[in-house]
Amino acid sequence: MSEDVAPEVRALRNLHDLITTVHSVQDLTEVLQTAVQGVVDVLGFRVAVINAVDAHGFVEAVAVAGDEDACQALRGRRMPLEEFTEEFAIADEWGSLRFVPHDRLPADVVSSWVPDVQPLDVPDAWHPLDALYAPLHGPGGDLLGVLSVDLPEDGMRPGAVRRQVLEMYAVQAGLAIHHAQERDRLQERVRLAAATREIIELASRELDLLKVVDLSFGPLRTGFRCDRLLIRVFDNDEPGSDGKSPGETFPPDLLEQLKARVAERHGQRTGEQQHGEPPDFLGIGEVVARACWQQARTCVVADVGDTSAEVLDRTSRETADLLLDAVDARTLVLVPLGDGPDCLGFLTILRNASAEGWRPAEDEAALEVGREIGRAVARARLYQRERHLVSELQELDEYKGEMIATITHELKNPLASIAGHVELLQDSAASPVSVDAIIRNVGRLQTLVEDMLLLTKIKDPHRPFVPALMDLSGLVIEVCELMTIQASRRRQSIDTSRVEPGVLAWGEREEIARMLTNIVSNAVKYTKEDGQVTLALHDGPDGPVISCADTGIGISGADLGTLFQEFDRSSNPVAHAVPGTGLGLAIVRRIVDRHGGEIFVESELGQGSTFTVTLPFPIEA
């Protein structure tokens, strides 16, 4: 047998079922939506909205249920909290509820949505512009949001019972929202901590900076709930650096997209699509990052929660707004990267228009990530410097070994010959052959020592350069005459008919003479008997041009690459058999460089060689 149930009892039963449902949901978004849907399904209103209060003094319609037009018009609406408090000030107090009759609203008020219904022609009928609010509080009394309801099913303003039910529901809904928000904040902290920990572990084990940056995109996207990122590391002037780089992005083509869209929007705003110069947002980012690093802060550019006023001037803020508009983003966050006192780069996080605002917990985590990536940059650069130094030390060690081997070889043979002939002199009367051998090998040792001393001298960067005007034509002829005796012993001829008279040069005469001597001496030394060495000199378009061509054994392509290195000896057995220190052409290159000139070699094995030296025009003619 059924029994009549009083409306109050039925309302309380419905309220109990609804509250049980709301408290059973864990996800904050589902809690909010379940709460407003319950108002529509159970409490008898055709529209319900929960406006959540954020940390920046705004309320946003985060959950809407009921009429489709109302859902589309109200969902995502954001307004200052003070607009609600202003309405509360003129409202009737129904317990904890606030009712604003339509005739009490200011004449200039603008509503986001007004239902297209006609009020009943009875007392206490609900008017489409009436508003009923239920503040949602947490356990400590803090305002979490406002539940607003509209269009009662019966078309009447709610009576005492429905008000009490709505009040009780608002209390329980506030508690449910508080618990859901606490869970959400805890999940946020766990998510951010996991992302930060992953980046810390990655930065501590990787020394390749590009790999650190590339692998950081995953945890950054997950931790900060964003889909677009830019990491830029400032230029590294250390040896071995790759030079200037605009940065790494996710997605990989983000930077190109940004530049293209910013240029397009800049052109639309200025009417200079063809000639307007778009702003340098990377350069602005560097300036802002350095300022933020000094203040241990981020820079947030957004319609809500903006913190850019202290670090962006008007022009920079316009550029940031242009960037957000160009890529349809709601929030831009710039995070400085650094280590110690040095700002080393910046991280830019872009969130689209549907994403949530930037939260304090995210700000703290972002600064920690910026410090960790900054440490990774510093470690990578230190590792790069160490590798460069190790490479230089290895080259120096190889050079030292080659030098010792060459000097040992070059000193060993003359000393052995001298020692042998000295023994002969001890056992017999002095032989002209032994004396000649001693003199010859002493000469080789003297040449080696002199070449090494000269090379050390001209390599000294602190040694002053004292040039003077000289007769280069006369100097070439003079050197060739000195080399004629050596050439005649091998029945070689030195042709100077192509040396033009009156060619002047600006330089140190002693060094230019040594340069010419080494070149001509090499030509004579590596040219077979009955061969020819041809000297030419003329004024070229950029200065004097000297060439020395021979009909000698030539130089292989492999040997041309190391020809001017110190202690370099040819891999050709024929050339290797000719005594030499391996310093002659190294000295030539040093002298040419010291005088601001250039040297070129053309040669083929077995076809002779041509050395060409160009010197700058003399300062005084």
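**Note on the predicted model**

1. Serine 216 is buried, at a relative accessible area of 1%; buried means under 20%, exposed over 50%, and partly exposed in between, with a 1.4 Å probe and protein chains only. This residue is found in helix H6. Setting aside neighbours within four places in sequence, serine 216 is in contact with Ile199 and Leu202 (contact means heavy atoms within 4.5 Å). Helices (H or I, at least four residues) and strands (E, at least two) are DSSP runs, numbered from the N terminus.

2. On the basis of the model: it is predicted, local features need pLDDT of at least 70, side-chain atom pairs count only at pLDDT 80 or more, and totals for chains, interfaces and linings use all residues. Residues are numbered from 1 along each chain as its sequence is written, and side-chain values use heavy atoms, with hydrogens and water left out.

3. Confidence. The chain has a mean pLDDT of 83, and 85% of its residues reach 70 or more; pLDDT is the predictor's confidence in each residue, from 0 to 100. Residues 238-244 fall below 50. Beyond near neighbours in sequence, that stretch has nine contacts in the model.

4. The sheet. Five strands form an open, antiparallel sheet in the order E9-E8-E12-E11-E10; two strands pair if DSSP finds at least two bridges between them. Strand E9 (248-250) and strand E10 (299-302) are the edges, each pairing on one side only. From one strand to the next, the twist averages 10°. Axes are lines fitted to C-alpha atoms, for helices over the stretch in contact, and angles run from 0 to 180 degrees between N-to-C directions.

5. Strand E8 and its neighbours. E8 (residues 228-233) pairs with E9 in the antiparallel sense over three bridges. Leucine 229 has phenylalanine 250 in E9 as its bridge partner. Helix H6 (residues 209-224) packs on the sheet and touches E8, E9 and strand E12 (342-352). The direction of H6 makes about 145° with that of E8.

6. Helix H12 (residues 472-489). There is a kink of about 40° centred on methionine 483; the bend at a residue is the angle between axes fitted to the seven residues ending there and the seven starting there. Buried residues of H12 include Leu472, Val479 and Met483. The buried residues of H12 pack against elements including helix H13 (509-525) and strand E16 (532-539).

7. Serine 148. This residue lies in strand E7 (residues 143-152). At 13% relative accessibility, serine 148 counts as buried. Leaving aside neighbours within four places in sequence, its contacts include Val47, Asn51 and Tyr133.
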